[in-house]
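Subject: Structure handover

Hello,

Here is the structure you asked to look at. Please open it next to this email and follow along; my notes come after it.

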Amino acid sequence: MMNTEDDVTSARDYTVIGDELYALSRDQGDLHALQLAIGHYHAALTEDVLDSQCSRSDQLLKLGTALSRRFDLVGDTADLDVAIDCHRVAIDLQTPDSLDVPIMHVKHAQMLMKRFELHVNQSDIDLAIEQYACISNQTDPAHEAWLVALADALVTRFSHWGDVRDLSQAIHLYESVVNFDASNALPSVLGNLSLAHFFRYQQEGDAPDLTSSIAYSTEALDKISSEDQNRSVLLNNVANGLLLRFKKLGSTDDLEQAIKSYGSVIELCPPGHKGRLRALSNLASAIMTRYELQASLVDLEISLGYFHEALDICPQNHPDRPTLLDNLATTLRKRFQHTGDIIDLETSIENHYEALHALPPSHPHRSDTLCSLGNALQSRFAFQGDPDDLVAAVDRYSEALRQRHPSHPERADLLNNIGNVAFNLFSEQRNPRNLDLAIEHYSEALQFSPEGFRRSLLLHNLASSLTTRFTYRNDAKDLDQALELGASALELRERGNEYRLSSHVMLANAKGLKYELEGDPAMLQAAFQHLDEAHGMCTPGHPSLLDIWEEYSCIHLHAYSKAPQSINHLEEAFRYLRTASTHVSGRPLQKFRVALRWIKEAEVYKHPSALDAHQIALNMFDRYVTMKPSVESRHRIVREYAASLAVDAASCALRLGLVTLAVEMLEHGRGILWTYLARFRTPLDDLQSAGEHGSQLASEFVRLGSLLEDAACGAVTEEGLQHYRSLLQEWDGVVDQIRLVDGFGDFLLAQSFSKLKEAAKNGPVIITNASQYSCDAVIVHHEHDPIHIPLPDINTSDILRLSQQFRYFATNRSRGRSAERELTELLRKTWDTVVFPVVKTLESSLHLPQGSRIWWCPTGRFNSIPLHAAAPFRRGEKGLPNYYISSYTPTLSALLRCQKPRHISNDKTPPRILAVGQAAPTGGFSKLGTVDEELDSLQSILPPVMPMTRMTGESATRSESLRAIHSSPWVHLACHGKQDVTRPLKSCFAMSDGPLALLDIVRAPSDSAEFAFLSACHTAAGDNKAPDEVVHLAAGMQFAGFRGVVGTMWAVDDAVVVNMVSAFYEALLERSPNGLNSEHAAVALNTAAKRVDKTVVPLQQRIVFIHIGI
């Protein structure tokens, strides 16, 4: 059907009316008029009367423009989507040479950029850039504006996807616009060009980009008035460029000018101004950079003030908040380095983690936060020595390195940080490969920093690591290079720069070593001069005094080694070691290490300060270990730093004739894990009776103690660490208040000998002490002074060898006469060198009757030696089992805890006996063939009046076994035992559904627990790297409340164990026919070892069981 003239006129009328309505809406903001205009444009398009593609294109363009405007007013994204489609079709319908095409491309691009800002869809910005590019060579008067729009879009795309080619293209476009008419260049274009250069420098590190950025922002500033609202933005851009150029080239003029410019920005952004937040943050960061250069505490405090103000006005969801938290955290860490206040460091780490959690993986600042967090974790490691912090720092740095490409301008900082980690790992593990890696990373970092303010730091670190390598490899070339690099670092650090202090200390160390190597007095004098310079830079209490005093002691010892007649040098060395060890500030771990060095040097030079050194180290270590948040971390610290601390201290006291002090020292420094946990369970009956205040303190102590014990036995997290330290601070406060109560002045303090000797009220306790300096025994008796028995016929090497040989039996079930001969020879040596001197003293000095009970309290390597079984194995001579009844105790305190009176029930009912047997547990354990036979034998021995609850097979699960153990006074366990020496509380009994861990047993103590027989392997075998901790299954059962425990020193032979078990219970019932009595267990075990058929049960299996407790 043909269209009529009236139809055509109607379609054109729609368009005319639509244009009039659109103009009205544009001029008056009339939304209703805009709605009508859109309706008329739609009506015109539905009339199939348009006489050409160009006419239809024009109509689509008008509709798209109107819809885009309605989107601006209403925000309906559907309008924007249709508008974009209209423009796309309109462009396709136009002929390429149409004069309307350029403006159509521009409008299409503008709409696409609007939608990109909404959805951040890369295809939108890619298409927008294509549209702008289509008209970038047009000669229209708006050409320059189109070029700028294209450049802006390219910068936007770079900011999201990081392709530096977009930046380079944008810079080219901006510069073509500026250079076309430089005198009339718009300030906004100059500002954008400045930012593009700045961004490219951040990616590629080329200094000319910074110079261009500063120049263009400065030019833009010259073109605007002092009241222009953009002035603060441009000033900020200038300051940013100056600050980065300082970091690149090291000109302090740039730094001072940057700080001045940031200050001007602050003045232009008064409180309430939207730009004040970023202005405060930038000024604080710049002042912190000056602090890095000059180490002025004034700058540090000013910077902190600005950061805190910025954080106070920063909303929680503000995009700058993570960076602000990160910068504040770094500043707090720097203050910690000055003051040693751990709260600053903990707050720093907390802020770093908060910042990191707020940044997505692709965020451009994430690598900075990762590096800063790694630095803080390294600082905490240096302060407290927890290897977990070092491992976490490595993880943070590794992730940051993956995010920074090789040309990143701050790659040198990251390489330096990784070098620091490698150096710390070397300090911990003494693996020379780590030291070489540190030197490699420092050297590579220097190559990335041919100039700049950080170069002195890199020179210093490389020099320090080379000096350390010289002390291990004695290569003079390392020392000479270190001296050269150290001198260069000092030269770069101007007078007044506090970082000169560390340079002086490092050079003193190197020159002292040079003097020791070559004997040149000039080097000795130079070393002292460096230390004098460093000392003069310190205020009282400065943490670096610790390094200076320790270095003074080293130089004085170097001087003494060259001239032994110069006693003054020796005395000065020990004076400085004492001063460093007792310094009020400084890192606890470093002070403890200095104290250990003091001990070592005092023992070598036979100096009278040795005893003081041992005592100070013990006290220091006790507090240091208390700060560790978990049992496992404490055990690890003992293994790494103090395995022989207490035994060496006791040896020193014994050599000076101070026997009582030796006992107190051993008690103070051994069994730290159990002592620590016991503090939280201290009975408070007397305190609760001391009035209302005492009762309140007791309740608070119990509450905090329970929380701390849970924290100590749980997994360590960063959040948990903060909570633990907060609880510990509260707990310390309560303990201090309790000590103010009359009669509680020594509450939880190390016990005096007068209290400790009560552990021997039922029989003497023999402490055997194995130190590198002497081997001794001490007999503790509750009515006599302690008796010291030197053991001159054995030394620590002999004991180590004996221990290793006995441990061989722990891992090899050797049978036959040859194995028995070897074992008797070991027991004979133990008798001759250790036990017989003790027995002679018990008989001659204490007149102890044969058959009496004695308790062994072995220290160090003695823990692996079966002292209870020592015998001469010579015709006509008796062994220890025929003299006395032996028991063991980990410490005197542990024995005291067992002896504490309990509520005695009038109930005469025989005790309930729980027998748990697990022959086929999960977890890869071998099947035990005689578990059922063992439990059958036990049940047959017990009289009918003694009820026995039997749990075996599938019913012997972890949860059910634990519940039954805690409700049963007598427990017999026949199963596999597994010792975990690195994680002692993970040691376990193997049940049907998995391991029943020592941790589970310890965390739920029982008031009714009486006796436990552990018929399982290795239940009383400790950790050979920390033997004095006595963290094994038997000790754990004792701590859980069992007053007496029978455990095993090594593997139990499943084929013969039933013989020993049966003989034990038979002997026990003989001693207590009317009801089981745990105090007869030691005698019963002694009797059983003698009674069993020796042709069936070999010696190794007769002595494997030991009795612990009362």
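Which residues line the second largest cavity? The lining consists of Leu928, Val931, Glu934, Ala974, Cys975, His976, Ser1015, Ala1016, Cys1017, Val1052, Asp1054 and Val1057. The volume of this cavity is about 100 Å³, and the structure holds four cavities of 30 Å³ or more. Rolling a probe the size of a water molecule over the atoms shows where empty space is left. Please keep in mind that the model is predicted.

Now the overall picture. The protein has 1110 residues, and 56% of them count as buried. Its secondary structure comprises 46 helices and 14 strands. The exposed surface comes to about 47,400 Å², with carbon and sulfur atoms supplying 50% of it. Among contacts in the protein with a separation of 6 or more, 68% are between residues 24 or more positions apart.

Next, the interior. In soluble globular proteins, nonpolar side chains tend to be buried together. Here the largest nonpolar core has 107 residues, and Phe989 and Phe1064 touch the most other members. If you leave aside neighbours within four places in sequence, Phe1064 is in contact with Phe1011, Phe1013, Val1046, Ala1081, Ala1084, Leu1085 and Ala1088. Another core, of 96 residues, lies apart from the largest one; its members include Ile38, Ala83, Leu150 and Ile259.

The buried residues in α5 are Val101, Pro102, Met104, His105, Val106, His108, Ala109, Met111, Leu112, Met113, Arg115 and Phe116. An α-helix has 3.6 residues a turn, so residues three or four places apart point the same way.

Last, a lysine. Is Lys591 buried or exposed? Lys591 counts as buried because its relative accessibility is 13%, and the cut-off for buried is under 20%. Lys591 sits in helix α27, which runs over residues 588-604. Between Lys591 and Leu577 there are 9.6 Å in space, C-alpha to C-alpha, and the two are 14 residues apart in sequence.

Regards

Conventions. Residues numbered from 1 in each chain as written. Predicted model: local features only at pLDDT ≥ 70, side-chain atom pairs only at ≥ 80, totals over all residues. Heavy atoms only, no water. Core = buried A, V, L, I, M, F, W, Y, C linked by side-chain atoms within 4.5 Å. Buried < 20%, exposed > 50% of the residue type's maximum accessible area, 1.4 Å probe, protein only. Contact = heavy atoms within 4.5 Å. Helix = DSSP H or I, 4+ residues; strand = E, 2+ residues; numbered from the N terminus. Areas by Shrake-Rupley, 256 points an atom, 1.4 Å probe, with all protein chains shown as cover. 1 Å grid on protein atoms, 1.4 Å probe; cavity = no way out; pocket = protein on both sides within 12 Å on 5 of 7 lines; lining within 4 Å. Points joined across faces, edges and corners; volume = space filled by probe spheres on them.
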